[in-house]
Amino acid sequence: MYDVVIIGGGLSGLMASIWLADRGKKTALISKGDPMCCLSTGCIDVFRGTSSPLKGIERSPRGHPYHLVGLEGIRDSLNFFKKIMAGSGLNYIGDIETNRGILTPLGTIKATCLVPQTMEAAYTGADEYIHIVSFKGLKDFYPAYITSKNENAGYSVFDAGISTTIGLATRFEDTTFRREFVAKLKSWEIPNGRIALPAVLGLSSSVEIMEAISKELDRKIFEIPTLPPSIPGIRLFRRLKYTLQQKGGDIYWGRDIASVERSDTQIEAVTIVTGSRPTRVEGRAFVLATGSFVSGGLYALRESVYETVFNLPVIFPKKRAKWFNEDFFDIGHPIEKAGIRVDRSFRPRHANLENLFVCGSILAFSDIMKYRCGNGMAIATGVAAAKSLDGWLG
Amino acid sequence: MKFEHCIRCTICVENCPVFSVEPKFPGPKQAGPDAQRFRMDGEVSVDSWVLFCSQCKRCETVCPYGVDVSEIILKAQIKYVEEHGRSIANYMFANTYNIGILASAFAPIVNKIINTHLVKNIMRVIGISTYIPFPRYHAFTLSKGRRKVGKASKKVVFFYGCYLNFNRPDIGRKIRSILVSMGLEVITPHQVCCGLPALGNGDLDSARRFANKNAGILVHYINRGYDVVYACTSCGLTLVRDYPGIMALPDGKKISENTYNVHEYILNLMEEGYVNPEFGPIDMRIAYHIPCHLRSLGIGYPAARLFEMVPDLQYQVLDDNCCGLSGTYGFKEKNKEVSVKLGKLATLPILEYAPDAIASDCGACRMQLGGLTGISTIDPSEIIFRSLNMSLSAYGGKKNMSAGGQDDKGDD
């Protein structure tokens, strides 16, 4: 019997689990495959558009899940995130007061809030020369896109004998390879300025690798996030998972939840499909962090949307014709508001369940594409739901 | 789930060990669901790179959409091998069981010569790699020991698997003793290889022959109220996943539903209140390398839950790396380079943790990681055995069976 069973192994579920395990709660995390944060840039977008995410959140609609957490709660949760990442060797830089710019593979600047330390030196608006080092054969990363938008930039190509982000990141873990790489770069006599690389500087020791190369070349270097397979996304997921395991949390890599046992007001156990005999996991309290449509937490039928684990009531525009805007590229389709409505304690409304708490992108009115708040909201609501649950369990 | 369910998110690619070090392998997405669209019945296979897949099944475990990526690839591998012929190494490794019978019959001689230069040279010629020493064979295998130990109303069949049987019967006897000490009757019936090595070497017919033989034995006991307990996580995955799945055994589902990992079974007994074992302290620091196939079973990491109950035991779960040996995969000369590269990557977090020993449920993982690091290896059950302060003689084993300082490393 666990104190808490968390369903969903994404950023929100992991943060909730780690917070609870940190408080000595016996936790089990159930994940259907690896989460979407593995495909992300690894950056924590908190709120788009404004120079300060904090101000953006203040001005966002009252129904947005951020308002259930509150500004202090959001700040605390991001600090908690930064603390555990620093403890796991993958330092994050930034604070809730400011959005910072990072360079994208298209040569544009993306505003985000917290960035892995390997992106700290990314383009900040200063007119300093940037030299991009790409790798022979690497798909979906074309330095010419960047140089076409930035006059004060150039590039060279290194032949690493492998041309995938995963292959390159694996190679960077090898010190012999790193020595060859640095020697080659030195021989190129790159003009003064910063060096930018696609984000492939190692899988687990990226900060150390970056610092070592930076020291050798005596200049700042930084990573540019790539399309998936995205190494900073994998690093983020793996370090969080590792942290949870260090704190004694159990993880079940399963498939779907096959069945749910509930009494009048409580969830008592869930059963995981494993390909053979189903595995039953009992808990005193449960967290639902299964994500939105793409992660399978919500499922759309022709005229309705349902929640896939507990069949909780879902908010969505009633008429299918109202789900989408005319233009596909319009930001903020009404269907993106779909999700579970929760009360201040993060319990689902109208479900009459006292031991179930909901967090992450499955929450109604989160409008993640519109506000670019996916990872930030995952962290803030994950920690907030965990706190509420902890208060109830005592 | 079928290949059509793949949304090309690349999470499988992110987790493919072989893809990370072998540029010739296009990765699970392309080798599986992508290429499947072009594979038609009646057309000859052209994609020889499917053979690079080591069947670690990580792609399948991490797929958020439940696509059976590795099974799609496995079917393509079987088809390719059927059409293009098998190597000597394929034949040998499909029949590790028969080789095990021979080798254990002549164990003293085999152990003397197996790691000599001459034999190693011959092995390399026929395509077998020798970078880690071959495991020692034992004459007194589990199959030769007592059939029934303990007497109780709760009864289990022990499926020990080839590695414990031929190479580490001492661990098998310890596991049996643990089960008996928990008030179980343990039957160790005659059994054969689970069939996985044959499957992995593209020989579905042999795999089915092995599986059918086991199915007859296991179902006989299941029908009489026995549960099946396995120790080797790859044998376990084959019993629960492949018997009803790719091997399509009529009794596959019944076997699958009644088969348990040994540590999972112990936890269940504790949760039911059937036993309340007292774990004694063990002052050790353990790097617990999770075998890919344990992760794939979807039962969590039951041994880690038992470790948590052992006072003073320090451990760290490590599940991000495949050891690279993947059963017989790394023992093939053509896969050696991939296997060694992956093995070295897997040793990095282990060396960082600086453990007294590496624990793993899988004999192959232990051989590889022990061989590459020189750190001693231990089966999780051995830790439990020690923590319960047990000795083999008390539970139907031969006296002094545990003596002799055995390890998964062979003599080199």
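**Exercise 1.** Does Lys241(A) count as buried or exposed?

*Solution.* The model is a predicted one, and the values below are computed from it.
Step 1. The relative accessibility of Lys241(A) is 1%.
Step 2. The cut-off for a buried residue is under 20%.
Step 3. Lys241(A) therefore counts as buried.

**Exercise 2.** Determine which salt bridges Lys241(A) forms with Asp319(B) and Asp320(B), and locate the second pair.

*Solution.* Step 1. Side chains of opposite charge can pair when their charged atoms come close.
Step 1. Lys241(A) meets Asp319(B) in a salt bridge with an N to O distance of 2.5 Å.
Step 2. Lys241(A) also forms a salt bridge with Asp320(B), at 2.6 Å from N to O. This pair crosses between chains: Lys241(A) lies in helix H9 of chain A, and Asp320(B) in the loop between strand S7 (314-318) and helix H19 (336-353) of chain B.
Step 3. Asp320(B) has 22% relative accessibility, so this residue counts as partly exposed.

**Exercise 3.** Describe the interface between chain B and chain A by its residues, area and contacts.

*Solution.* Step 1. Chain B contributes 42 residues to the contact, and chain A contributes 40 residues.
Step 1. The size of an interface is often given as the accessible area lost when the parts come together. Here the buried area is about 3,500 Å², and carbon and sulfur atoms give 48% of it.
Step 2. Six salt bridges are counted between the two chains. Twelve residue pairs across the interface are in polar contact, with both residues at pLDDT 80 or more.

**Exercise 4.** Compare the setting of the salt bridge Glu223(A)–Arg235(A) with that of Lys341(B)–Glu337(B).

*Solution.* Step 1. In the pair of Glu223(A) and Arg235(A), the closest N and O atoms are 2.9 Å apart. The pair links distant parts of the chain, from strand S10 (residues 221-224) to helix H9 (residues 231-246) of chain A, with the two residues twelve residues apart.
Step 1. Glu223(A) is buried at 1% relative accessibility, and Arg235(A) is buried at 2%.
Step 2. For Lys341(B) and Glu337(B), the N to O distance is 3.8 Å. These residues are separated by about one helical turn because they are four residues apart in helix H19 of chain B.
Step 3. Lys341(B) is partly exposed at 34% relative accessibility, whereas Glu337(B) is exposed at 57%.

Key: Residues numbered from 1 in each chain as written. Chains lettered and ligands numbered in written order. Predicted model: local features only at pLDDT ≥ 70, side-chain atom pairs only at ≥ 80, totals over all residues. Heavy atoms only, no water. Contact = heavy atoms within 4.5 Å. Buried area = accessible area lost by both parts, 1.4 Å probe. Salt bridge = Lys/Arg side-chain N within 4 Å of Asp/Glu carboxyl O. Polar contact = N/O pair within 3.5 Å; in protein donor to acceptor, adjacent residues only side chain to side chain. Buried < 20%, exposed > 50% of the residue type's maximum accessible area, 1.4 Å probe, protein only.
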